[in-house]
Amino acid sequence: MYKNGQELLDLCAKENKRAWEIALDAETKLTGLTREKLWAHFETRLDVMIGSATKALEHRQATKGGLVDGVANCQYEYSKKDGSVTGNYMNYIMALAYSSSEVNASMGKICASPTAGSCGILPAVLVGMMNKEGFAREKVVEALIYASAVGAIYTRNATVAGADGGCQAECGVASSMAAAAAAYLKGADDKACFDAAGFAMINVMGLVCDPVAGLVALPCAQRNASGAVNAMIAADMALAGQVSHIPFDQVVEAMFKVGKMLPPQLRETAKGGIATTPAGKAIYKEVFGVE
């Protein structure tokens with residue numbers, strides 16, 4: 001068993017296995033389930049992710065207040081056009097992330113990874129890379145298990161709750177998980193995968209949670225889109241050979257400390273940030289009929 005990233009990496013070296021394999025072994029011991037049954041569970045979760053990441057691409061979902069209705073289709077149609085700033089691929093990734101967020105806001109079926117508010121980031125990266133780069137489903141399931149191992153380390157040593165650590169604990173952790181998965185899919189070794197995970201969190205450390213009208217919609221959807229792109233960027237940093245001078249476990253610890261430093265107004269209470277702008281207050285009044 002392992003408690004943190006370094007212990008997991010040490011086990012990888014000792015047993016000559018990849019991190020996803022060590023994580024799957026650990027799950028069999030924790031749950032008592034066979035590897036085959038656990039694999040089937042991950043396959044099911046991947047299917048849910050595929051569904052949420054694609055459902056709203058062409059079919060607008062009805063959400064509370066209409067704050068994110070149609071955002072996935074808007075980005076998806078744009079991703080088909082030439083001349084964008086970040087290119088077709090990145091815009092497609094954003095569209096997938098938007099889709100899961102839109103499905104979540106419409107009370108559809110999503111996979112919390114690690115939370116409902118950040119449910120679009122990991123699916124966007126996994127589904128996007130599978131569809132655009134032709135990765136085999138089995139390899140994508142391995143990447144999903146890899147991401148889960150990273151998420152479990154955050155859960156054990158820090159937090160994945162916006163109310164506890166701000167949006168860095170939700171979209172930040174999701175982006176960190178997705179970065180490791182993306183790096184793995186592209187052939188990075190385990191050290192580089194954890195560097196990618198660390199880069200992704202460093203890039204968004206301190207991100208506050210300030211949902212407009214208290215709804216998991218705005219700016220959650222936009223942060224899912226940017227979080228997915230952040231994961232891809234972080235993976236490329238590691239794949240390029242960039243080395244994180246701050247070990248992953250120390251990044252996790254720093255994130256947890258930063259989250260505790262955030263005032264309550266910036267931790268999912270909708271009492272700070274963009275939720276309290278004039279426009280944010282107007283949206284609250286329009287949705288709920290009171291100021």
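A charge sits over a ring if NZ of Lys or CZ of Arg is within 6 Å of the ring centre and within 35 degrees of the ring normal. The exercises below use a predicted model.

**Exercise 1.** Which residue lies over the face of Tyr-92, and at what distance from the ring centre?

*Solution.* The residue over the face of Tyr-92 is Lys-132. Its distance from the ring centre is 4.6 Å.

**Exercise 2.** Classify the pair formed by the rings of Trp-20 and Trp-39, and state which parts the pair ties together.

*Solution.* 
1. The structure contains seven aromatic pairs.
2. For Trp-20 and Trp-39, the ring centres are 6.1 Å apart and the planes stand at 65°, so this pair is edge-to-face.
3. Trp-20 belongs to helix 2 (residues 19-31) and Trp-39 to helix 3 (residues 35-58), so the pair ties together parts 19 residues apart in sequence.
4. Trp-20 and Trp-39 are both buried.

**Exercise 3.** Describe the geometry of the aromatic pair Tyr-146 and Tyr-184, place each residue in its helix, and decide whether each is buried or exposed.

*Solution.* 
1. Tyr-146 and Tyr-184 are 5.4 Å apart centre to centre, with 40° between the planes; the pair is tilted.
2. Tyr-146 is in helix 7 (residues 137-157) and Tyr-184 in helix 9 (residues 171-185); the pair links distant parts of the chain, 38 residues apart.
3. Tyr-146 has 0% relative accessibility and therefore counts as buried.
4. Tyr-184 has 3% relative accessibility, so Tyr-184 also counts as buried.

Technical notes: Residues numbered from 1 in each chain as written. Predicted model: local features only at pLDDT ≥ 70, side-chain atom pairs only at ≥ 80, totals over all residues. Heavy atoms only, no water. Phe/Tyr/Trp six-rings, centres within 6.5 Å; stacked < 30°, edge-to-face > 60°. Helix = DSSP H or I, 4+ residues; strand = E, 2+ residues; numbered from the N terminus. Buried < 20%, exposed > 50% of the residue type's maximum accessible area, 1.4 Å probe, protein only.
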